[in-house]
Amino acid sequence: MNPVEKGYRKANGIQIYYEIYGSGKPLVLIHGGGSSILFDYKEVILRLEAKFQLIGIDLQNHGMSEHRDIPETFEQDAHDVAVLLKELSIGRASFWGFSNGGNTVMQIAHLYPELVEKLIVASAFYKRNGMMGGFFEGMMEATLDSMPEPLKINFLNLNPDFSKLENMFDKDSKRMQTFEDWNEDVLKSIQSPVLFISGDKDVMKPEHIVEMWRLVEDSQLMILPATHGSYMMADFEGYADEKLIDFTVSEVEKFLND
């Protein structure tokens, strides 16, 4: 992977790491909890870097970005992304957010509508009861040992400071443990075109994604035969369903160019 630009910009008191691939219309890529730019978006970047300017961002406490000692919120992530894009002189872009990154891009559209051209919300949620049974109970008992090994290895490869891995896990876990349902107005306020994507065996219920789709006027919906993210990236065993990923990315490309 060869970014045309990479580096750090100051955003709300910390250094945020970013990578830019390709050229053309800007598409901002926001990773999920415990992850990083390439862990979630390598397959997407390989397929789209010749067609868009792809801006990948490591959020606070993740990847190669700096850490904070305050609780993580999706609103804070949205503020950080907005400042970073201003630093990069990107005035308006489309956004693709996966998992917790999907929550972040919805907050960007809610708080900074002037920044958003189009939105791809992949495997996200807005209410606790939208997640599969037992999800939040499991989060209450989560320990670093229960974090998927590939995510731990990925983090330490990018940032070999074990205390920062502990901080990231602690902040990510507490954000989910203390998550409070969003008001429907967050979704209803979104004015840009939205494509919702989820797997039929995802960690959120398909009917929850349908509920979100109904709240955003003129949005689109795509539920695929997939687990959490397997429609856009390799699974934790490293297997990538190339044809399924090809299909997802082609539909996203169609949505962005429509």
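Helices (H or I, at least four residues) and strands (E, at least two) are DSSP runs, numbered from the N terminus. The structure is a predicted model, in which local features need pLDDT of at least 70, side-chain atom pairs count only at pLDDT 80 or more, and totals for chains, interfaces and linings use all residues. Residues are numbered from 1 along each chain as its sequence is written, and side-chain values use heavy atoms, with hydrogens and water left out.

**His-208**
- Helix α8 (residues 206–215) contains His-208.
- With a relative accessible area of 2%, His-208 is buried (under 20% relative accessible area, where exposed is over 50% and partly exposed lies in between; 1.4 Å probe, protein chains only).
- At 3.1 Å, the side chain of His-208 reaches the backbone nitrogen of Tyr-126.
- Neighbours within four places in sequence left aside, Ala-124, Phe-125, Tyr-126, Lys-127 and Gly-130 are in contact with His-208 (contact means heavy atoms within 4.5 Å).

**The sheet**
- Eight strands form an open sheet with mixed pairing, in the order β1-β2-β4-β3-β5-β6-β7-β8; two strands pair if DSSP finds at least two bridges between them.
- The edges are β1 (5–11) and β8 (220–224), each with a single partner strand, so one side of each has no neighbour in the sheet.
- From one strand to the next, the twist averages 20 degrees (axes are lines fitted to C-alpha atoms, for helices over the stretch in contact, and angles run from 0 to 180 degrees between N-to-C directions).

**Strand pairs**
- β1 and β2 run antiparallel and are joined by seven bridges, with Ala-11 having Ile-14 in β2 as its bridge partner.
- Two residues lie between the strands of the β1 and β2 hairpin, where Asn-12 takes a positive phi near 55 degrees.
- Strand β2 (residues 14–21) is largely enclosed by the rest of the structure, because seven of its eight residues are buried.
- Four bridges pair β2 with β4 in the antiparallel sense, and Tyr-21 stands opposite Leu-54 in β4.
- The pairing of β3 (residues 26–30) with β4 (residues 53–57) is parallel, over five bridges; Val-28 has Ile-55 in β4 as its bridge partner.

**Helices**
- α8 lies across β7 (194–199) and β8, at about 170 degrees to β8.
- Helix α9 (residues 242–257) lies across β3, β5 (93–98), β6 (116–122), β7 and β8, and runs at about 180 degrees to β8.
- In helix α5 (residues 149–158), the buried residues are Leu-151, Lys-152, Asn-154 and Phe-155.
- These residues are on the same side of α5 because they cover an arc of only 165 degrees around the axis, the arc being that of the directions from the helix axis to the C-beta atoms.
- The buried residues of α5 pack against α1 (37–48) and α6 (162–177).

Key: Polar contact = N/O pair within 3.5 Å; in protein donor to acceptor, adjacent residues only side chain to side chain.
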